[in-house]
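Hi,

Here is the structure I promised to pass on. Have a look at it first, and then read my notes below.

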Amino acid sequence: MAARSIETDVLVVGGGGAGFRAAIGAREKGATAVLLSKGPLARCGASPMAGADFTLDGRNLSQLGFAGDPNDSEEKVFNDIVTQGFFLNNQKLIEQYVRGAPDRLKELIDWRLKIVFSEERAIFTTGIGLMDVLLKRARTVGVDLLEDVMLIDLVVQRGMVTGALALDVRSGEFIHLAAKAVVMATGGWHNAFWPNTGMRDLSGEGMVIAHRAGAELGNMEFITFCCNVLLEPPNARGSIATYVLGMQAGHELTNNRGEAFLDQYDPYTVGVASGTEWNKSFISHATAKEVREGRGFSRGGIHFRRGDEPWEKYKAWCGILFPNWKYKSLDMTEIGRRLEANEPLEVGAVVEYFDGGIVIDDGFATAVPGLFAAGECTLGLFGANRVFSAITEMLVQGADAGRNAAEYARSAEIPAPDPDSLAEKQHKAERPLERSGGLRPAPVRRKIQEMAQTHLGPIRTEGELQSLLAEIQRVKREELPLLSPAAAGRSYNKEWVDALELENIAALLELAASSALQRTESRGVHYRADHPVTNNDEWLVESLVRKTDDGFALATRPVSTTSITPPAGTTPYLDMVKGMMERHSEIGGHH
Amino acid sequence: MAEKTITARVFRMDPAVDEESRYQEYRVPFEEGMSAMDVLDYIYQNLDGTLAYYDHAGCSLGICARCNCKVNGKATLFCQYLVSGDLTIDPISPSKVLKDLVCERKRENP
């Protein structure tokens, strides 16, 4: 089948906020820009699902006319991100984050973003509203938008990126892209886990393909789970509605013995974790402990109730968060009835954000000339644990990555992508279509997704990581080569897409499990039950995975610091968590 | 007692090979609170991988609206249609079917 060909200065891969902002940034610098959106425009990736909070320091926030805390400062935010990240952050990226945030918020206001409310160091909008504003702006500045198109691979010649191969999922036809620079903005790889909070498309192509092209990945073991995610009813599974509500209005969490299991922990830690976005790491950790020790419920969760919180307070928050008893478009009527009656809802710790990713410098360039990355798919900003907003991250990083990619594209002499290389990649991607009577991708995917949830969750052990790794390696060896779609034909052949995605999911799980095995300590969202201590003497380093001729090699490198020197010594994990909470500045709010 | 099952009658057509559409029936275990999307996921993952419905992206939570369709003759979203018993599932525009339940869309760019 003949492939379409498209030429551009900058190719942006990813249809979430980082991708849109990068494409806008490249276009505003005068470069031509093409954006690949794997799913519906402005309705795929994790961005439209976000709550969504945009964080910046309260002083700048108040100067912009919002109810920010004027006693806040960029330095305080910097301090808080470093301590929330257990000192594993790239401090240069935090500086870029705090300095870039005010301009990004100003432009959102210029572009008519609707802001719902604000607090000490954040404004709250909706993921959908934000994506609509970015889509409109992208159209205004003339970004070429390709919908339902999936990246298959990059073309690298003489060590530099020259283009890419993509698949139009609807027609099944390939697209050849000649690009002087590429920005990866593909977000996380939620689809490696079941259940998950992400959209169906998030399978980590950007990370795997960047790695294959020669970029390093780092801190792949740091995976943030969101607590209090609905596990039932089935149509609401994966919704964060109860998470959002619980943080504002309070909650009671109980195990299958009826115990309020948070009571066993230090009250200060529980207090901070219940009222801020520390809940993601701490409550997910506590939830995983209950479930692993047999005190959970049938869907792998715990019970969420209103508890002693008055219904009037709950109802008022529901009115703000779920207008007309809808969260997004999810009908919350029955959930509301159960909350009013104080009946339990089963909720759990569900994969939400990936703290590690593609290694980039402070200009968002990888070590491969022409390859940039921005947003969740990158390494470093949040270190071992994210509390501040990923919405701010995607916008500050996307803007700089897009602008820098445009500048590189203007200065670089880039050859057209090699047709032989494109043909070879095309042939490889077609292999599942040429097989018949093999394995169906969906059951293979579900099996490894469920194993990832239990073995690479908030609590890990050497034994479980080894068995996950062995299983992934077996699947790679024995099952992936046999995947074959049952349907003939290329047009909307979902099993073909699933087979291609599964290769990426398996690769990422192997890298993450290997990194988690290597890190024999507990820090941030990575807790090793067999190494329950934060070890600042040996593990204040980023884990790296490098591509080699026959696979990958593990390595480490020191963290990049600018103004805060990390501590030495070893500390039991929960003491370390409390210590990090105590080092937070006096500024209130949820971050 | 055997678990409760329902029958899903699903519109099938691959315009590349089929002259006419047909309905295919599947038996699916019923769970209280399941959506039409849950029914299609069950069929695709366990019974018939040739079924095409918009699944490679999308949110399952009613925000992307890409799974618009007809269930029992009424326009809805797969992910927001609550199933209570047997159901018939059709594409939103049967005359513009790309494959099964996925319809053609106009491209905004070349």
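How much area is buried between chain B and chain A, and what percentage of it do carbon and sulfur atoms give? About 3,700 Å² is buried between the two chains, with 48% coming from carbon and sulfur; buried area here is the accessible area (1.4 Å probe) that two parts lose on being put together, summed over both. On the chain B side, His56(B), Leu61(B) and Ile63(B) lose the most area to chain A, together 21% of what that side buries.

Before the rest, some conventions. This is a predicted model, in which local features need pLDDT of at least 70 and side-chain atom pairs count only at pLDDT 80 or more, while totals for chains, interfaces and linings use all residues. Residues are numbered from 1 along each chain as its sequence is written, chains are lettered from A and ligands numbered from 1 in the order in which they are written, and side-chain values use heavy atoms, with hydrogens and water left out.

**The interface**

In terms of contact (heavy atoms within 4.5 Å), 42 residues of chain B touch 52 residues of chain A. The rule finds six salt bridges across this interface, each being a side-chain nitrogen of Lys or Arg within 4 Å of a carboxyl oxygen of Asp or Glu. Arg105(B) and Glu147(A) form a salt bridge through their side chains, at 3.6 Å from N to O.

**A covered strand in chain A**

Helices (H or I, at least four residues) and strands (E, at least two) are DSSP runs, numbered from the N terminus. In strand β2 of chain A (residues 33-37), five of five residues are buried, where buried means under 20% relative accessible area, exposed over 50% and partly exposed in between (1.4 Å probe, protein chains only). Ala33(A), Leu35(A) and Ser37(A) lie on one side of β2(A), with Val34(A) and Leu36(A) on the other. Strand β1 of chain A (residues 4-13) pairs with β2(A) in the parallel sense over four bridges; pairing takes at least two DSSP bridges. Val10(A) stands opposite Ala33(A).

**Backbone points to check**

Most residues other than glycine have a negative phi, and most peptide bonds are trans. Trp194(A) and Pro195(A) are joined by a cis peptide bond, with omega about -5°. The bond from Glu232(A) to Pro233(A) is also cis, with omega near -5°. Arg158(A) has a positive phi, near 45°, and sits in the loop between β7 (149-157) and β8 (160-168) of chain A. Arg158(A) is exposed, at 71% relative accessible area.

Best wishes
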